[in-house]
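Biologist: I would like to go through this model piece by piece. Shall we start with the sheet pairing?

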Amino acid sequence: MSPPLSPQRPIIGTSWKMNLTRGEARAYVRRLRELLDDDHVGLVFVLPPFTAIDVVRDELAGSAVLHGAQNVHHADLGAHTGEVSAPMLAELGCRFVILGHSERRHLFRETDDDIARKVAAALRHGLHPLLCVGETAEERRQGLTFTVVEGQLRAAWAGLGADEIARSVLAYEPVWAIGTGLNATPAQAAEVHGYLRGLVSELASKETAQSLRILYGGSVKPDNAAALTQVPDIDGALVGGAALQAQGFITIAKKSASRGGSSKE
Ligand code: PGA
């Protein structure tokens, strides 16, 4: 069973995607630790590529920053060449695994069913599944945003009990905002986060909906982090490109903490 997340808010995480060698990861985390002072920055996590997870774990030893992974296979072991299982990630001290990211859905053809099985595997082995949902620009233009995110959420969580949903983290990541520099406005994000929270209430319970963390991701930068994370239903941010330098990541974490999260605890 995954230990519950600490009640700290905001949660600010970064996925490095397919970036940073082991040497670069080591330098990043050392810099991150230098920059992290006693200021309240909420809960911070880093999702390196598989090859750098142990380096990140070792460099983070003794700090409050958590780490995780960017993918997992649904089976615990077996003849699945090239895949990595949840027990392997748990052994490396991973606390999160990001699932349902649009790059996995679109570039690697992961289906809702694949994602649901991965979510279940993560939960079985004490990892918090960080489930990403989000619409494309075309789906938004057609007025399908709620329909799309609802479909993704229901499919990924199909069959889960309220206690399992409570151990999950959600991220609203509009596909059109990822890596484009064009973030959702706080109002656009607020609308979808509110909708998702309502769904959590229906699928789990009102209490779970209140405590579940829903992060926003998609072109979060130092200059928009505060405005996005001060929205009441946005519990933090998931950052890609702007956090590929430790300085950028920490700036975003501090701006989020000063404007948004701390008052929401
Ligand atoms: P981005 O990526 O910050 O580079 O837009 C976000 C993500 O993919 O989670």
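Biologist: In E2, which residue is the bridge partner of Ile 12?

Modeller: Strands (E, at least two residues) and helices (H or I, at least four) are DSSP runs, numbered from the N terminus. Two strands pair if DSSP finds at least two bridges between them. E1 and strand E2 (residues 43-47) run parallel and share five bridges. Within that pairing, Ile 12 has as its partner Val 44.

Biologist: What kind of model is this?

Modeller: Residues are numbered from 1 along each chain as its sequence is written, and side-chain values use heavy atoms, with hydrogens and water left out. Local features need pLDDT of at least 70, side-chain atom pairs count only at pLDDT 80 or more, and totals for chains, interfaces and linings use all residues, since the model is predicted.

Biologist: Which residue in E8 does Thr 14 stand opposite?

Modeller: E1 also pairs with E8, in parallel, through four bridges. In E8, the residue facing Thr 14 is Val 239.

Biologist: How many of the five residues of E1 are buried?

Modeller: Buried means under 20% relative accessible area, exposed over 50%, and partly exposed in between (1.4 Å probe, protein chains only). Ile 11, Gly 13 and Ser 15 point one way from E1, while Ile 12 and Thr 14 point the other way. Both sets are buried. For strand E1 (residues 11-15), the buried count is five of five.

Biologist: Which residues touch the most other members of the largest nonpolar core?

Modeller: A nonpolar core is a set of buried Ala, Val, Leu, Ile, Met, Phe, Trp, Tyr and Cys residues joined through side-chain atoms within 4.5 Å. The largest one has 63 residues. Apart from it lies another core of 14 residues, including Leu 5 and Phe 45. In the largest core, the members with the most such neighbours are Leu 32, Trp 157, Leu 170, Leu 196 and Tyr 216.

Biologist: What is Leu 196 in contact with, leaving aside neighbours within four places in sequence?

Modeller: Contact means heavy atoms within 4.5 Å. By that cut-off, Leu 196 meets Val 133, Val 149, Leu 153, Leu 170, Tyr 172 and Ile 214.

Biologist: How far does H7 reach from its first C-alpha to its last?

Modeller: The expected span of a helix is 1.5 Å times one less than its number of residues. H7 has twelve residues, with 16 Å expected. Its C-alpha span is close to that, at 17 Å.

Biologist: Is Gly 151 buried or partly exposed?

Modeller: Gly 151 sits in helix H7 (residues 145-156). Buried residues of H7 include Val 149, Glu 150, Gln 152 and Leu 153. Their cover includes helix H5 (112-124), strand E5 (128-133) and H9. Gly 151, at 32% relative accessible area, is partly exposed.

Biologist: Which residues does Lys 118 touch, not counting residues up to four places away in sequence?

Modeller: Lys 118 belongs to helix H5. At 8% relative accessibility, Lys 118 is buried. Its contacts are Asn 71, Val 72, His 74, Leu 99 and Glu 110.

Biologist: How far apart are the closest N and O atoms of Arg 104 and Glu 110?

Modeller: A salt bridge is a side-chain nitrogen of Lys or Arg within 4 Å of a carboxyl oxygen of Asp or Glu. The rule gives 16 salt bridges. Arg 104 is partly exposed at 23%, whereas Glu 110 is buried at 10%. Their closest N and O atoms are separated by 2.9 Å.

Biologist: How many residues apart are Asp 235 and Arg 197?

Modeller: Asp 235 and Arg 197 form a salt bridge at 2.8 Å, N to O. The pair links distant parts of the chain: Asp 235 is in the loop between helix H11 (225-229) and strand E8 (236-239), and Arg 197 is in helix H9 (residues 186-203). Both residues are buried.
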